[in-house]
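Subject: Structure handover

Hello,

Here is the structure I said I would pass on. My notes on it follow below.

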Amino acid sequence: MGGEDPVLRVRDLRVAFGGVDAVRGVHLELRRGEVLGLVGESGSGKSTIALAVLGLLPDSATVSGSVRLDGVELRGAGDAALSRLRGNRIAMVFQDPLSAFTPVHRIGDQIAETIRAHRDISRRAARERAVELLDLVGIPEPRARAAAFPHEFSGGMRQRAMIAMAVANEPDVLLADEPTTALDVTIQAQVLDVLRTAQRATGAAMLLVSHDLGVIAGTADRVAVMYAGRIVETAPVHELFAAPRMPYTLGLIGAVPRLDGGTGTGMLVPIPGAPPAPGALPSGCSFAPRCPLADDVCRAAEPPLRKLADDHLVACRKAEELQGAAPADVFPVPEVPRTPAGPDDRPEVLRVTGLVKTFPLLKGVAFKRRVGSVYAVDGIDLRVRCGETLALVGESGSGKTTALFEVLGLSAPEGGSIEVLGQDVAGLTRQQAAALRGRTQIVFQDPMASLDPRMTVAGIIAEPLLARGVARAEAARRVPELLRQVGLEPGHADRFPHEFSGGQRQRIGIARALSVRPDLVVLDEPVSALDVSVQAGVLNLLRRLKAELGLAYLFVSHDLSVVRNIADRVSVVYLGRTVEAGAVREVFERPLHPYTQALLSAVPLPDPGVERRRARVLLAGDPPSPTQRHTGCRFRARCPLHAELAEADRERCVREVPQPVPHADDHVAACHFARPRAVLTAEA
Amino acid sequence: MTTAVVADADAVVENRPAGRASVVLRHFLRNRSALAGAAVLVLLFVLAFCGPLACHWSYTDIDYTALRRGPSARHWWGTNGIGQDVFAQTVRGLQKSLLIGLLVAVFSTALASLVGACAGYFGGWTDRALMFLVDLLLVFPSFLVIAIISPRLKAGGWIAFVGLLAVFGWMITARVVRSMTLSLKEREFVRAARFMGVGPFRIIWRHVLPNVASFLIIDATIAVGGAVMSETALSYFGFGVQPPDVSLGTLIADGTGSAVTYPWMFFFAAGLLVLFVLAVNLVGDGLRDAFDPTARRRTGRRG
């Protein structure tokens with residue numbers, strides 16, 4: 001397919017919003033049948049490109065350059081002309097499938113409408129086609145589901161329907177803008193699978209926009225890396241991941257935590273600094289301020305995108321020097337903090353056994369009556385020892401955050417027991433509870449929402465100290481020291497949170513938690529809102545602080561790669577119940593529970609070689625609703641293992657709730673038929 | 001001048017970061033229009049309380065030789081229909097109205113924020129009880145209640161009257177504050193403070209109220225004008241400020257009829273009221289911007 005003309009050719013595309021450049025001279029070529037991955041951090045302009053191709057940018061945007069579809073210029077074409085192309089020859093899959101469907105029309109009708117907008121066929125035939133398409137994207141009972149409304153679909157099903165709609169007219173070009181970012185990993189694996197199937201079935205070329213290197217590695221044929229509104233490197237996927245020639249690409253690969261543990265010390269290689277704000281670009285190469293190789297020439301003028309090999313373009317003067325370099329050769333690697341590998345009898349800072357929390361479902365306006373219960377947490381066990389990191393892993397709705405808040409609330413749980421620092425919270429007096437509050441601190445997911453916008457950084461950090469009755473002057477004296485500890489300028493103490501970048505804000509949140517010298521820090525998805533290059537710095541900081549201060553972390557996350565990087569032990573929850581727990585290495589390399597296996601196999605690895613040859617355990621369907629009380633094993637409806645069992649064994653899954661059973665030392669799994677299965681490495 | 005101060009502050013920050021109060025003050029002082037508003041307010045107070053000393057007529061004096069005379073050297077702002085000096089009367093009225101307007105606004109906003117924030121933050125029975133009180137006060141015809149009670153409070157004078165106006169002027173604000181608190185309560189920074197062991201009233205003081213401050217300040221500035229006007233309405237019906245005592249409201253009410261024929265009897269009092277409300281609004285806007293760190297971006301940081 002190499003020689004033929006590209007189906008979509010973007011030349012020198014420039015987009016500016018109110019004088020601020022978002023896209024600065026982008027060249028792209030999309031060949032028939034190929035998948036081009038467009039990867040970059042937030043604000044790099046990748047979504048803007050997708051919208052510019054469709055002509056969907058708001059009027060406030062100034063666009064120049066050329067976008068040609070099969071040689072026909074699209075830029076400057078009227079809305080009527082573009083409308084004939086949109087959904088017909090170019091189709092888009094959006095990030096948020098809920099807002100991409102009209103809530104008041106049936107899914108099937110909306111797909112049929114797309115077909116009828118471009119084809120002269122009867123309403124009936126269009127409906128039939130819609131049902132076929134829903135079947136293609138793997139929606140069970142497509143005929144019945146076509147009559148459903150968007151809100152009746154789960155997130156994953158909506159995204160499938162979105163894909164069905166996008167391929168309805170067999171387009172030449174499919175634009176997928178972060179199609180799986182809003183989804184859980186197991187659902188993401190399903191949707192990516194469907195996307196690939198649909199793309200192959202229609203033979204469309206696909207532009208896949210994503211921030212996730214793993215998704216790109218598994219799906220794309222060629223990759224374009226964007227930074228500050230420009231493409232800085234393009235190469236075939238294998239070459240890009242194996243031999244990147246732009247320091248930014250290299251840094252990005254080094255900064256991603258890897259599910260298989262990666263190589264070396266386990267410390268990530270963060271890219272120093274933060275991406276430049278649009279409108280405040282440095283002169284010269286926009287990556288120069290963060291690049292350890294940059295010299296005066298780099299800072300003087302922006303390097304053009306030049307050809308390095310046949311299909312490998314790079315915008316860097318130093319590309320030749322980077323031949324065969326590893327991330328750690330270019331970027332400074334932080335020192336590995338030595339964690340004293342203490343004995344197993346270290347004191348426990350947290351022990352949770354059989355935690356239960358239900359929320360009532362209420363109905364009625366004036367007189368509320370209980371019509372049911374949400375079993376949010378239904379048997380979670382946790383054990384965190386001093387100086388250890390326990391990761392609590394699960395998909396959204398699995399009860400992770402509820403469990404956290406139950407622990408932090410320090411009041412008697414509905415069921416089970418919580419012991420913090422050896423004290424059972426059920427019998428605490430007010431004074432004891434207040435004392436414990438000072439020894440357990442929390443860092444939240446969204447660093448913007450968790451910092452009071454009306455308080456200065458100094459005020460925010462001093463708050464827990466003041467709450468513990470420390471004198472104001474003493475608290476203020478400690479602030480600069482804490483800021484230095486988390487890698488911020490002490491001079492910034494009188495600024496407000498909105499003046500900081502996301503990574504810096506999260507560091508403020510960490511400084512606040514550390515101010516009272518806690519024993520246990522609860523981290524609720526602390527890096528999920530951050531870009532990869534910034535996330536690596538925060539993860540390294542957390543590891544260093546743990547080693548220096550002997551902290552114990554309870555780390556809640558849905559991102560298993562991050563967990564692999566930071567945690568010592570892991571506890572996997574499904575629908576409010578712990579299904580497997582043990583040392584990270586052990587659980588990740590020899591997962592026993594089928595859910596853990598599926599979860600691990602669903603996480604894409606940022607390594608195209610391994611990623612494409614791994615064993616896949618695809619889960620069917622969505623997690624069931626937590627409002628039902630389950631008998632037996634709650635995972636059996638989606639369990640790939642259950643389906644293979646003999647009749648008598650199946651009966652056991654239906655009847656009997658699996659109890660956590662120790663397998664190796666410290667490795668616990670709640671499955672009747674647990675057996676290890678390696679899912680990380682490529683299959684031989 | 002201001003930039004020099006800021007540079008100094010940055011230099012010493014190493015030892016002792018500035019607290020919120022000093023940051024707010026610093027940003028308030030940098031806002032020109034707010035400073036102008038504050039200056040006008042100060043001047044109005046000076047006029048109201050020093051004016052009577054400069055003028056040899058008292059507000060009760062009657063000059064039978066000068067009825068409805070225009071401004072002159074003898075009567076600076078002219079005289080009214082029965083020969084009273086308009087300047088003396090206006091500054092006397094200004095004293096009353098400044099105090100009534102500001103105090104009613106401050107009291108009612110304070111009460112509203114306290115009740116609203118407590119109801120929203122604590123929820124449950126506290127919420128139900130407080131909201132029942134609010135609804136009760138809302139359905140009572142406040143005008144009637146004030147009319148009945150105020151004659152009995154004659155001894156308390158205008159301070160009792162301020163209390164009455166404040167007590168009947170806070171309910172709607174409280175409802176809004178309550179709903180804003182309900183959404184703030186779920187925000188992570190409030191939750192974070194709770195998990196850190198910060199007490200409930202401290203959270204309300206440090207986290208909830210500063211985040212509803214924009215609304216409270218705007219509401220208070222509007223309440224100032226409203227209080228002056230409702231005092232007028234009550235005075236017109238014979239409650240509140242009673243002759244021979246005067247307020248800006250009564251003066252405006254009396255002068256309205258002659259606004260075209262004898263403008264000095266109306267326009268001095270009306271002009272001062274407009275000036276007063278305008279100044280309060282400027283100060284309010286300045287305070288709101290000073291409290292809201294994001295507002296400063298738009299006006300440009302550090303010059």
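The contact between the two chains draws on 35 residues from chain B and 37 residues from chain A. Please keep in mind that this is a predicted model.

Interface

Together, chain B and chain A bury about 3200 Å², and carbon and sulfur atoms account for 55% of that. Three residues of chain B, namely B:Glu188, B:Phe195 and B:Met196, provide 24% of the area that chain B buries against chain A, which is more than any other three residues provide.

Two salt bridges are found across the interface of chain B and chain A. One of them links the side chains of B:Arg26 and A:Asp494, with a distance of 3.6 Å from N to O. That distance counts because the cut-off for a salt bridge is 4 Å between a side-chain nitrogen of Lys or Arg and a carboxyl oxygen of Asp or Glu. The same interface has seven residue pairs in polar contact, both residues of each pair being at pLDDT 80 or more.

Which helices of chain B each supply at least two residues of the side that touches chain A? They are helix H2 (20–30), helix H9 (188–195), helix H10 (200–236) and helix H13 (293–299). Sorted by class, the side of chain B that touches chain A consists of 14 nonpolar, six polar and 15 charged residues.

Domains of chain A

Chain A is assigned two stretches: domain 1 covers 43–210 and domain 2 covers 348–591. Between the C-alpha centres of domain 1 and domain 2 of chain A the distance is 39 Å.

Sheets of chain A

One open sheet in chain A has four strands in the order S2-S1-S4-S5, with antiparallel pairing. Strand S2 (20–30) and strand S5 (72–73) of chain A are at the edges with a single partner strand each, so one side of each has no neighbour in the sheet. Strand S1 (residues 8–17) of chain A runs antiparallel to S2(A), and eight bridges join them. Within this pairing, A:Val15 has A:Val23 in S2(A) as its bridge partner.

Another open sheet in chain A also has four strands, in the order S14-S13-S16-S17, and its pairing is antiparallel. Its edge strands are S14 and strand S17 (423–424) of chain A, each of which pairs on one side only. Going through the pairings:

- Strand S13 (residues 348–363) and strand S14 (residues 369–385) of chain A are antiparallel and joined by 13 bridges. A:Leu361 is opposite A:Gly372 in S14(A).
- S13(A) is also joined to strand S16 (residues 415–420) of chain A, by five bridges and again antiparallel. Here A:Val352 has A:Ile418 in S16(A) as its bridge partner.
- S16(A) pairs with S17(A) over two bridges in the antiparallel sense. A:Glu419 is opposite A:Asp424 in S17(A).

Salt bridges overall

How many salt bridges does the rule count over all chains? The count is 49. Among them is the one between A:Arg89 and A:Asp70, whose closest N and O atoms are 2.8 Å apart. A:Arg89 is in the loop between helix H2 (79–85) and strand S6 (90–93) of chain A, while A:Asp70 is in the loop between strand S4 (61–69) and S5 of chain A, so this pair ties together parts 19 residues apart in sequence.

Regards

Technical notes
Residues numbered from 1 in each chain as written. Chains lettered and ligands numbered in written order. Predicted model: local features only at pLDDT ≥ 70, side-chain atom pairs only at ≥ 80, totals over all residues. Heavy atoms only, no water. Contact = heavy atoms within 4.5 Å. Buried area = accessible area lost by both parts, 1.4 Å probe. Polar contact = N/O pair within 3.5 Å; in protein donor to acceptor, adjacent residues only side chain to side chain. Nonpolar A, V, L, I, M, F, W, Y, C, P; charged D, E, K, R; others polar. Domains from an automatic or database assignment. Pairing = 2+ DSSP bridges.
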